[in-house]
Amino acid sequence: MATVLKIPENPRILVADLAYIGDLLMSTPAITNLRKAFPSAVIDILVSSGTMPVIEHNPDINTVFTTDMKKRGLRGIREEARKISTMGYDIAISFHRAHGTLMMLRMSGISKRIGFTNGGRAFFLSSGVPFIIQKHRAWNHLRLLEKSFGIHVDYTTPTRLVPDSSAVETVRKRLESIKHKKGFIAVNPNAAWATKRWTPEGFADILYGIISESFTPILIGGPNEKQIAEEVKSSVTSDIADWTGETTLHELTALLAECVACVTNDSGPMHIAQAVGTPVIAIFGPTDPARCGPWEGSIKPIQIELDCIKCYRKTCWHHSCMRQVKADEVLNLLKCV
């Protein structure tokens, strides 16, 4: 059980979360509850440089700081700790479980440091709770606040992402040039692990199904994912709007906010779509939607039953969990959005 902290009036709080996009968004329900509990506090956040756009306009945060210390090893950890030591924080909260982040916070001299205590992490912390791996990440973050601060938290708080206004304007202008009838549906055939990707043929069938229902599909993805988009388009005779690698993270967020739905693998865009309020149809294989799917939003997960399902493996010789997903199942859920 965590030791309940004694909090000074109007505390200065640093939140550290150097995780990936989806994981960072899962911290936002906790940040919302932290702001409700301490409305006059200074709440700053330290994130990786590449994830900053998904947290930049969050109204519950005073200042967003970025770091690339993970790329610079121990030297980066020491430099970041020295920088933070001058900022006068009363409390540090680490939703990131990496030992390097926890080491940096301890070296910074912040007296009250809370986080997850598993795996020897308690050495770096003054208080915390174990991370329960069977539970959702957002649930763990909320529980950490509840036990460490002794505050009431709302476990139904959704994730939060405020689109960048200039990016919204840019995206809307670009969408004006695309003919559509009922609206746009984002299609994301990408994921960080090969085992989390549904088949190109399956996504091609989805594109046909979306077009047949008079919606306009838009392929999305990062600059390194163009090949996957080309594989999907190679099976489709219709002209498909392909924005893969052509948007900033701000613009991708704005696009997803403009869409009526998003069909995706387990990935960062899945979490972004849910956080901006867009209904999500998400295809899961080796990962568990109850643990790492979007939190408290409009999501319809698809996952078949197999003995090896939710194995969390990054390589697989048969890939049955994804190959056996049928396009009709996805399209039927899409019609219910």
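The model is predicted, so local features need pLDDT of at least 70 and side-chain atom pairs count only at pLDDT 80 or more, while totals for chains, interfaces and linings use all residues. Residues are numbered from 1 along each chain as its sequence is written, and side-chain values use heavy atoms, with hydrogens and water left out.

**Helix α6**

- Helix α6 covers residues 165–175, and its residues Ala167, Val168, Val171 and Leu175 are buried. Buried means under 20% relative accessible area, exposed means over 50%, and partly exposed lies in between (1.4 Å probe, protein chains only).
- Viewed down the axis of α6, the buried residues fall within an arc of 100°, so they line one face of the helix. The arc is that of the directions from the helix axis to the C-beta atoms.
- As background, an α-helix has 3.6 residues a turn, so residues three or four places apart point the same way.
- Ser165 and Lys173 are exposed on the face of α6 turned away from its buried side.
- The cover over the buried residues of α6 includes β7 (184–188), β8 (216–219) and α9 (249–258). Contact here means heavy atoms within 4.5 Å. Helices (H or I, at least four residues) and strands (E, at least two) are DSSP runs, numbered from the N terminus.

**Salt bridges**

- The whole structure has 14 salt bridges, each defined as a side-chain nitrogen of Lys or Arg within 4 Å of a carboxyl oxygen of Asp or Glu.
- One of them joins the side chains of Arg160 and Asp60 (3.0 Å, N to O). This pair links distant parts of the chain, 100 residues apart: Arg160 is in the loop between α5 (137–149) and α6, and Asp60 is in the loop between β2 (42–48) and β3. Arg160 is partly exposed at 33%, whereas Asp60 is buried at 8%.
- Asp266 and Lys196 form another, with their closest N and O atoms 3.8 Å apart. They too link distant parts of the chain, 70 residues apart, with Asp266 in the loop between β10 (261–265) and α10 and Lys196 in the loop between β7 and α7 (200–212). Asp266 is buried at 5% relative accessibility, and Lys196 is buried at 11%.
- Salt bridges with shared partners also join Asp68, Arg72, Arg75 and Glu79 into one network. Within it, Arg75 and Glu79 meet at 3.1 Å, N to O. Both lie in helix α3 (residues 73–85), 4 residues apart, about one turn of the helix. Arg75 is exposed at 62%, and Glu79 is partly exposed at 26%.

**Thr67 in β3**

- Thr67 belongs to strand β3 (residues 63–67) and is buried, with a relative accessible area of 5%.
- The Thr67 side chain makes a polar contact with that of Glu80 (2.7 Å).
- Leaving aside residues up to four places away in sequence, Thr67 touches Leu18, Leu46, Val47, Ser48, Ser49, Arg72 and Glu80. A polar contact is a pair of N or O atoms within 3.5 Å; within protein, one must be able to donate a hydrogen and the other to accept it, and residues adjacent in sequence count only if both atoms are side-chain atoms.

**Cysteines**

- The structure holds 0 disulfides, a disulfide being a pair of cysteine sulfur atoms within 2.5 Å.
- For Cys262, the nearest cysteine sulfur is that of Cys259, 7.3 Å away. Cys262 is buried at 0% relative accessibility.

**Gly277**

- Gly277 sits in the loop between α10 (268–275) and β11 (280–283) and is exposed at 58%.
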